[in-house]
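Please look through the sequence and the model shown here, then follow the paragraphs below.

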Amino acid sequence: MLGVVNDHVRLRPQIDALPAYVPGARPSGSAFKLSSNENPFPTPPSIVAAIIDAAQETNRYPDMYATELTAAIAQHVGVDADQVVVGNGSVAVLSHILQAVVNPGDEVIFGWRSFEAYPIAVSVAGGVSVPVPLLDGADDGGASAGRLDLPAMADAITERTKVVLVCTPNNPTGPVVHADELDAFLARVPSDVLVVIDEAYLEFVRDPQAPDALAVFAQRPNVVVLRTFSKAYGLAGLRVGYVIARKRLADGIRAAATPFGVSHVAQQAALAALRVTDELEERVEALVAERTRLVDGLREQGWDVPQAEANFVWLPLGDRTATCAAEAAAAGVVVRPFAGEGIRVSVGEAEATDLFLKVAATWR
């Protein structure tokens with residue numbers, strides 16, 4: 001009979017136990033949304049025009065392999081086209097990577113706290129998450145707070161380890177790994193363990209010690225590089241991400257991907273974005289300047305803010321997190337709380353920075 005609930009269908013235990021992914025809250029009224037690390041600038045007219053043109057063909061399936069976009073990305077980053085795999089956002093691409101290489105029970109190491117989709121993607125792939133605590137800065141006066149502890153991540157590698165995820169800049173805390181420490185870490189990683197360097201916020205990095213991930217990829221066969229069009233390119237609503245990998249691994253990732261996973265509209269928008277990189281870089285520079293103003297303002301108030309190298313800032317608030325996030329929302333600024341740990345504040349409009357700094361001052 002229709003409407004009868006069937007309680008006999010069993011989910012996989014890993015699915016039953018999945019933590020919920022919590023998206024950034026949507027504001028009501030005129031509040032500023034600083035909860036989702038979005039690019040606050042409106043989409044450039046040339047990209048809007050490409051989207052409108054592509055929308056005329058939504059009765060057709062998209063190019064399943066995103067051939068034109070893949071070639072354009074390869075040219076943009078300086079690799080072969082068969083080393084690029086495009087997907088429905090970098091989260092989906094990461095899932096395809098894990099599905100391609102992880103067997104049930106294999107371990108996947110990542111820093112924690114880091115991108116909250118990591119444990120979800122690992123569990124769905126049948127793997128076992130091995131979170132390694134971030135550095136707390138206790139040994140150096142706070143200088144390393146919020147940074148990945150790469151030596152501890154190397155120590156966590158066992159014969160069951162299949163993948164290590166290196167999020168740089170780390171979301172939600174903000175610091176990057178440094179080239180020398182990444183080299184030292186990779187020297188300790190067995191050649192059959194895949195290292196995913198997740199660079200979703202690469203374009204915002206200004207730390208001169210940050211690594212050149214593409215050079216690392218060229219030197220080490222067990223390294224892949226994950227990137228996205230969602231942040232600096234401002235295409236969060238269309239979902240386009242990609243991975244740079246050796247051909248054999250790229251073929252496997254492509255085989256695991258959802259057929260026709262990137263829409264024609266999204267492909268054309270990403271192609272248009274690659275044609276206006278100068279304009280987008282100007283916007284990134286503006287956001288970096290606004291980030292500096294936000295960090296400086298918070299530090300002047302006395303806050304300990306980790307080195308911010310993405311388009312967001314981390315404020316460790318501990319048990320005050322939920323209360324402070326609610327107060328910010330009530331004042332007109334919606335931020336992203338991580339219960340019991342802190343809030344992540346995306347860099348947005350100048351007016352939003354002013355308002356958030358005013359609210360944060362009351363918490364001191």
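S3 and S4 run side by side in the parallel sense, and six bridges join them. The model is a predicted one. The two strands belong to an open sheet of seven strands, whose order is S2-S8-S7-S6-S5-S3-S4 and whose pairing is mixed. Which strands form the edges of this sheet? They are strand S2, residues 84-87, and strand S4, residues 128-133, each of which pairs on one side only. On average, neighbouring strands of the sheet are turned by 20 degrees against each other, with direction ignored.

Val240 sits in the loop that joins strand S7 (223-228) to strand S8 (241-244). Is Val240 buried or exposed? Its relative accessibility is 0%, so Val240 counts as buried. Val240 and Val262 are 22 residues apart along the chain, and their C-alpha atoms are separated by 6.8 Å.

Strand S9, residues 312-316, pairs with S12 in the antiparallel sense over five bridges. Within this pairing, Trp314 has Arg344 of S12 as its bridge partner. S12 also pairs with S11, again in the antiparallel sense, over three bridges. Here Pro337 has Ile343 of S12 as its bridge partner. S11 and S12 form a hairpin with three residues between the strands, and in this hairpin Gly340 takes a positive phi near 75 degrees.

How many residues of strand S12 are buried? The strand covers residues 342-346, and five of its five residues are buried. In a regular strand, side chains alternate between the two faces of the sheet. For S12, one side holds Gly342, Arg344 and Ser346, the other holds Ile343 and Val345, and all of these are buried, leaving both faces covered.

The charged side chains come next. Side chains of opposite charge can pair when their charged atoms come close. The model has 14 salt bridges by the rule used here, a side-chain nitrogen of Lys or Arg within 4 Å of a carboxyl oxygen of Asp or Glu. One of them joins Lys162 to Asp106, with the closest N and O atoms 2.9 Å apart. Lys162 lies in strand S5 (residues 161-167) and Asp106 in the loop between helix H4 (90-101) and strand S3 (107-112), so this pair ties together parts that are 56 residues apart in sequence. Asp106 has a relative accessibility of 13% and therefore counts as buried, since buried means under 20%.

A salt bridge also connects Arg160 with Glu107, and the closest N and O atoms of this pair are 3.8 Å apart. It links distant parts of the chain, because Arg160 is in the loop between helix H6 (150-155) and S5 while Glu107 is in strand S3, 53 residues apart. The two partners can be compared by their accessibility. At 41% relative accessibility Arg160 counts as partly exposed, whereas Glu107, with a relative accessible area of 11%, is buried.

Glu116 and Arg336 form another salt bridge, at 2.4 Å from N to O. Glu116 lies in the loop between S3 and helix H5 (117-124) and Arg336 in strand S11 (residues 336-338), a link between distant parts of the chain that are 220 residues apart. Both Glu116 and Arg336 are buried. Elsewhere, salt bridges link Lys247, Asp251 and Arg254 in a network.

Trp314 is the residue whose bridge partner in S12 is Arg344.

How many cavities of 30 Å³ or more does a search of the whole structure find? The search finds one. The largest cavity holds about 40 Å³ of space. Its lining consists of Asn39, Phe41, Pro42, Thr43, Pro44, Tyr233, Gly234, Leu280 and Arg283. By class, five of these lining residues are nonpolar, three are polar and one is charged.

Notes:
Residues are numbered from 1 along each chain as its sequence is written. This is a predicted model: local features need pLDDT of at least 70, side-chain atom pairs count only at pLDDT 80 or more; totals for chains, interfaces and linings use all residues. Side-chain values use heavy atoms; hydrogens and water are left out. Helices (H or I, at least four residues) and strands (E, at least two) are DSSP runs, numbered from the N terminus. Buried means under 20% relative accessible area, exposed over 50%, partly exposed in between (1.4 Å probe, protein chains only). Two strands pair if DSSP finds at least two bridges between them. Axes are lines fitted to C-alpha atoms, for helices over the stretch in contact, and angles run from 0 to 180 degrees between N-to-C directions. On a 1 Å grid over the protein atoms alone, a cavity is a set of points where a 1.4 Å probe fits but cannot get out, and a pocket is an open set with protein on both sides within 12 Å along at least five of seven lines; lining residues have an atom within 4 Å of a point. Grid points are joined across faces, edges and corners, and a volume is the space filled by probe spheres set on the points. Ala, Val, Leu, Ile, Met, Phe, Trp, Tyr, Cys and Pro count as nonpolar, Asp, Glu, Lys and Arg as charged, and the others, Gly among them, as polar.
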